[in-house]
Amino acid sequence: MRGTILGVHDGRGVLLADERRLEFPMTEWRSAAPPVAGQIVDFVEENGEARAVFAVPGAFAAGGAARSYSGSFVLGAIGVGCLLLGFVIPLLPTIAAFVLGCIGASQAQAEHDDTALLLSRISWIGAVVLLAVGILAMLAVLAFVGAIGFAAVFEGLGPEHW
């Protein structure tokens with residue numbers, strides 16, 4: 001039989017065939033790439049469930065896009081972009097990457113979207129690391145300047161001797 005993937009949730013796929021919804025365990029998915037909503041599949045129906053589900057190469061439902069991205073995926077991707085921009089412009093994009101990463105991670109967990117969760121975690125964890133390195137660098141510069149000034153006071157090289 002032929003059908004259209006509606007989505008995947010909690011390790012089970014859902015497809016629509018002959019105006020009926022059928023579920024299948026992910027162990028019955030027989031194609032290399034994971035199932036995508038709108039994808040046309042070929043399967044065998046047994047006891048009201050789809051078995052031996054194969055993707056039909058290059059086939060998608062009419063009007064369906066090849067891949068639709070969830071909001072959490074988009075937030076994670078934008079967060080990673082902000083994180084990369086944070087290497088050039090240090091502060092604001094890094095803070096944006098942290099905020100977008102946190103929001104995207106919570107949404108991805110709710111949506112069970114592992115790819116979006118990974119992107120969001122890269123975003124907020126990378127932002128924390130980048131901010132920590134920046135703070136440590138500023139403290140090192142302040143310590144260096146302070147040590148030079150402290151040495152100058154003890155050596156009698158203060159501003160009054162310039």
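Read along the sequence, the protein follows the pattern β-β-β-β-β-α-α-α, with three helices and five strands. Here helices (H or I, at least four residues) and strands (E, at least two) are DSSP runs, numbered from the N terminus. This is a predicted model, where local features need pLDDT of at least 70 and side-chain atom pairs count only at pLDDT 80 or more, while totals for chains, interfaces and linings use all residues. Residues are numbered from 1 along each chain as its sequence is written, and side-chain values use heavy atoms, leaving out hydrogens and water.

Let's start with two of the helices. The expected span in the table is 1.5 Å times one less than the number of residues in the helix.

| Helix | Residues | Length | Span, first to last C-alpha | Expected span |
|---|---|---|---|---|
| H1 | 71-85 | 15 residues | 21 Å | 21 Å |
| H2 | 92-111 | 20 residues | 28 Å | 28 Å |

Which residues of H2 are buried? They are Pro 93, Thr 94, Ala 97, Leu 100, Gly 101, Gly 104, Ala 105 and Ala 108. Buried means under 20% relative accessible area, exposed over 50%, and partly exposed in between (1.4 Å probe, protein chains only). Seen down the axis of H2, these buried residues fall within an arc of 145°, so they line one face of the helix. That arc is taken from the directions from the helix axis to the C-beta atoms. On the other side of H2, Leu 92 and Ala 110 are exposed. After H2 comes His 112, with a positive phi near 60°.

H1 has buried residues too, among them Phe 73, Leu 75, Val 80 and Leu 83. Ser 70 sits in the loop between strand E5 (49-60) and H1. Ser 70 and Asp 113 are 43 residues apart along the chain, yet their C-alpha atoms are separated by 8.2 Å. Leaving aside residues up to four places away in sequence, Ser 70 touches Glu 111, Asp 113 and Ala 116; contact means heavy atoms within 4.5 Å.

Now for the protein as a whole. Buried residues make up 30% of its 162 residues. Among contacts with a separation of 6 or more, 50% come from residues 24 or more positions apart. The protein exposes about 10,200 Å², and carbon and sulfur atoms supply 69% of it. Such accessible areas come from the Shrake-Rupley method with a 1.4 Å probe, and for residues only the protein chains shown count as cover.
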